[in-house]
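Please read the following report alongside the sequence and the coordinates. It treats strand pairing, helix packing and charged side-chain contacts in turn.

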Amino acid sequence: MPRLRRAVILAVLAVIVGGLAALAVLDPFHLRHARWFTSGLVLVAILLMTAAFAVVVRGIGRALVLALGAVAVLGWVTVVWLASQVAGVDREVSQVADGGRRLVVVEGAPYAIDPIYAVVIRSGSGPFEQESVVYQGVEQAPAPSGVRFVDADTVEVRTSGGCLYRSEVEAVTLAVDPVHRPLRADGC
C-alpha cells in the first residue's frame with residue numbers, strides 16, 4: 001500500500017505541475033520568460049509521471065518505464081533546444097524609462113537584410129520580468145522615430161512616416177490595447 005500511496009502523490013504533483021505549465025502557456029501576466037517556465041514545468045511533469053509509474057511497477061517493467069521516461073525527457077529537451085535556436089534574440093535599439101516600466105524599441109532578426117522593428121513595454125526585472133508588444137512594424141519599415149509614456153496608462157509610438165499610435169496599458173498584467181500592426185511600410 002505505501003507504494004500505491006507514493007505513486008498517487010507523485011501523480012497528483014505531476015497534475016499540479018501540468019496545471020502550472022498550462023498557466024504558463026496562457027501567460028496572463030505577460031512574463032518575458034514564460035516559455036522557459038513552460039518548458040521547465042513540462043520537464044518536471046514528465047519526471048514526476050515517470051517516477052509515479054516506476055514506483056508502482058517492479059522488475060523489468062520498472063526498467064522499461066525508466067527507459068521510456070528517459071526517452072521522453074531527451075525528446076523534450078531536444079524540442080526545447082531546437083525551438084530556442086529558431087527563436088533568436090532581439091537586439092535593443094533604444095529605451096525610454098518611466099518609473100519601473102520601460103518602452104524598448106527592438107530589432108527582430110538582426111542578421112536579416114531587412115530587420116523588423118517592434119516596440120515593447122517591459123516592467124520589473126529578473127525571471128518575473130513582464131513584456132508586452134505595443135507596436136509591430138513590417139519589413140522595409142524604419143525604426144520608430146519616437147516612443148514615450150503619455151501618462152501612467154498610455155504609451156505612444158511615432159513612426160518615421162509620421163504615423164502616431166497610442167495604446168492603453170493595464171498596470172498589473174501589462175496587457176496592451178490596442179496592439180498596433182500596420183500592414184504597409186508607407187502608411188498608417
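Strand β5 and strand β6 (residues 154-158) are joined by five bridges and run antiparallel. Within this pairing, valine 147 has valine 157 of β6 as its bridge partner. The model is a predicted one, and the descriptions below should be read with that in mind.

The two strands belong to an open sheet of four, ordered β5-β6-β7-β8, in which the pairing is antiparallel. Because β5 (146-151) and β8 (176-177) each have a single partner strand, they stand at the edges, and one side of each is left without a neighbour in the sheet. In general, the strands of a sheet pair through backbone hydrogen bonds, in either a parallel or an antiparallel sense.

A salt bridge is also found in this part of the chain: glutamate 156 pairs with arginine 148, with the closest N and O atoms 2.8 Å apart.

## Strand β3 and its neighbours

Strand β3 (residues 116-123) has seven of its eight residues buried, so it is largely enclosed by the rest of the structure. Eight bridges pair β2 with β3 in the antiparallel sense, and glycine 108 stands opposite isoleucine 116 of β3.

Strand β3 is also joined to strand β4 (residues 130-136), by six bridges and again with an antiparallel run; here valine 120 stands opposite valine 133 of β4. The two strands, β3 and β4, form a hairpin with six residues between them, and glycine 124 in the turn has a positive phi of about 80 degrees.

Arginine 91 is partly exposed at 43% relative accessibility, while glutamate 107, at 6%, counts as buried.

Another salt bridge is formed by glutamate 92 and arginine 122, whose closest N and O atoms are 2.6 Å apart. It too links distant parts of the chain, since glutamate 92 lies in strand β1 and arginine 122 in strand β3, 30 residues apart. Glutamate 92 has a relative accessible area of 40% and is partly exposed, whereas arginine 122 is buried at 4% relative accessibility, which is under the 20% cut-off. Through shared partners, salt bridges join Arg32, Glu92, Arg102, Arg122, Glu129 and Glu131 into one network.

## Packing of helices α2 and α3

Two packed helices are described by the angle and the distance between their axes. For helix α2 (residues 34-56) and helix α3 (residues 60-87), the axes come within 9 Å and cross at roughly 175 degrees. Since angles over 145 degrees count as roughly antiparallel, α2 and α3 are therefore roughly antiparallel to each other.

The contact involves residues of α2 including Trp36, Leu43, Ile46 and Phe53, and residues of α3 including Val65, Leu66, Trp76 and Val80. Sorted by class, the contact of α2 with α3 has 16 nonpolar, four polar and two charged residues; Arg35 of α2 and Arg62 of α3 are among the residues that make the contact.

Note on methods: Residues are numbered from 1 along each chain as its sequence is written. This is a predicted model: local features need pLDDT of at least 70, side-chain atom pairs count only at pLDDT 80 or more; totals for chains, interfaces and linings use all residues. Side-chain values use heavy atoms; hydrogens and water are left out. Buried means under 20% relative accessible area, exposed over 50%, partly exposed in between (1.4 Å probe, protein chains only). A salt bridge is a side-chain nitrogen of Lys or Arg within 4 Å of a carboxyl oxygen of Asp or Glu. Two strands pair if DSSP finds at least two bridges between them. Axes are lines fitted to C-alpha atoms, for helices over the stretch in contact, and angles run from 0 to 180 degrees between N-to-C directions. Angles under 35 degrees count as roughly parallel, over 145 as roughly antiparallel, 65 to 115 as roughly perpendicular and the rest as oblique. Contact means heavy atoms within 4.5 Å. Ala, Val, Leu, Ile, Met, Phe, Trp, Tyr, Cys and Pro count as nonpolar, Asp, Glu, Lys and Arg as charged, and the others, Gly among them, as polar.
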